[in-house]
Amino acid sequence: MATSNASALGASGSSSSSLPEGPLSEGSKGPDVQRLQAVLIQLGYLSGKADGDFGPKTKQALMRFQREWRLTQDGEYGPRTRAALLKALVPVKKPPIVSKPSRNQESRRGVPIDAIVLHHTATNSARIDLATLRWVRGNNRVSAHYLVGPDGTVYQLVPDSMAAWHAGRSSLHGDTEPSVNTRSIGIEITNDGTGQTPFTEAQYRALEQLVPYLARRYWVPKENILGHRDVAPGRKTDPADNFDWARVRRAVDAAV
Ligand SMILES: [Zn+2]
């Protein structure tokens with residue numbers, strides 16, 4: 001954990017120096033408060049001017065930030081809030097998307113997104129994968145929200161707001177209801193799945209953008225960013241053993 005924080009700091013060196021060490025709380029005054037307020041304004045939690053006076057408005061802005069980042073909502077600026085503000089300053093953008101709509105989708109029935117499930121496709125061909133994930137005949141219709149091709153192209157097949165059919169019979173930490181499909185985003189990665197064929201550098205780069213983006217957008221708990229094999233143990237083995245989870249997790253740790 002400490003090392004991930006350090007890498008997040010490294011990625012946003014100028015931002016880290018612009019945040020005071022703290023602690024600060026209502027009644028604090030001075031240039032440190034001004035720097036904190038400037039960051040809260042930059043992130044859209046506070047409006048007006050950074051006047052260096054930690055009043056009720058600054059406290060409310062901090063509490064809004066703390067609620068969104070699932071921190072204790074005490075309106076005080078301490079080490080945990082500082083660490084989260086540093087991550088919030090790391091820009092997380094959705095990677096470019098190529099739209100390839102699939103009709104294989106259904107309503108999430110009001111279930112919020114709280115999981116991300118990664119797969120390999122076992123074909124090594126994005127062309128075949130796209131055809132499979134958009135195939136509408138028969139009883140074995142499948143889909144995923146995203147497919148990451150070997151060249152790093154990110155295809156979107158199902159909008160995030162809808163459930164895709166990627167997880168099948170599965171459970172999240174033992175919970176079968178709501179179903180994994182209704183609560184998750186599914187990402188297929190084109191690979192032959194033998195455990196011998198490397199996932200490509202371009203795929204990792206795309207995932208290092210896409211997964212943190214989704215994790216922050218939907219506030220997905222890190223323990224719910226999993227492989228198909230984790231939600232369907234004994235039944236599924238994807239992504240294969242040679243998939244470098246550490247790379248993806250480092251990118252998530254730097255952003256959320
Ligand atoms: Zn799978």
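This is a predicted model: local features need pLDDT of at least 70, side-chain atom pairs count only at pLDDT 80 or more; totals for chains, interfaces and linings use all residues.
## The H8–H10 packing

On the H8 side the contact is made by Tyr204, Leu207, Glu208, Val211, Pro212, Ala215 and Arg216, and on the H10 side by Arg247, Val248, Ala251, Val252 and Ala255. By class, the residues of this contact divide into nine nonpolar and three charged, with no polar residue among them.

## The two sides of H10

Which residues of H10 are buried? They are Val248, Ala251, Val252, Ala254 and Ala255, and since they cover an arc of only 160° around the axis, they sit on the same side of H10. An α-helix has 3.6 residues a turn, so residues three or four places apart point the same way. The face of H10 turned away from this buried side carries Trp245 and Ala246, both of which are exposed.

Is Asp244 buried or partly exposed? With 13 other C-beta atoms within 10 Å, Asp244 is partly exposed, since the partly exposed class falls between the limit of 12 or fewer for exposed residues and that of 20 or more for buried ones. The C-alpha atom of Asp244 is separated by 8.3 Å from that of Phe199, although the two residues are 45 residues apart along the chain.

In helix H6 (residues 126–134), the buried residues are Asp129, Leu130, Thr132 and Leu133. Seen down the axis of H6, these residues fall within an arc of 165°, so they line one face of the helix. The face of H6 turned away from its buried side carries the exposed residues Arg127 and Ala131. Against which elements do the buried residues of H6 pack? They pack against three strands, namely S4 (146–148), S5 (154–156) and S7 (184–189).

## Thr81 in helix H5

Thr81 has its place in helix H5 (residues 79–88), and it counts as buried because it has 24 C-beta neighbours inside 10 Å, where 20 or more are needed. Leaving aside the neighbours within four places in sequence, Thr81 is in contact with Leu62, Gln66 and Leu71. Phe65 is 16 residues away from Thr81 in sequence, and the C-alpha atoms of Thr81 and Phe65 are 8.6 Å apart in space.

## Backbone features in the loops

One runs from Gly22 to Pro23, with omega near -5°, and Pro23 has its place in the loop between helix H2 (13–18) and helix H3 (31–42).

Positive phi values occur at Asn124 and Trp219, neither of which is glycine. For Asn124, phi is near 70°; this residue lies in the loop between strand S3 (115–120) and H6, and it is partly exposed, with 15 other C-beta atoms within 10 Å. For Trp219, phi is near 50°; Trp219 is found in the loop between H8 and strand S8 (225–227), and, with 13 other C-beta atoms within 10 Å, it is partly exposed.

## The chain as a whole

The secondary structure of the chain comes to ten helices and eight strands, and its C-alpha atoms fill a box of roughly 65 × 35 × 30 Å when taken along the principal axes. Of the 256 residues in the chain, 35% are buried. Among the contacts in the chain with a separation of 6 or more, 68% are accounted for by residues 24 or more positions apart.

Notes
Residues are numbered from 1 along each chain as its sequence is written. Two residues are in contact if their C-beta atoms, placed from the backbone, lie within 7 Å. Helices (H or I, at least four residues) and strands (E, at least two) are DSSP runs, numbered from the N terminus. Ala, Val, Leu, Ile, Met, Phe, Trp, Tyr, Cys and Pro count as nonpolar, Asp, Glu, Lys and Arg as charged, and the others, Gly among them, as polar. The arc is that of the directions from the helix axis to the C-beta atoms.
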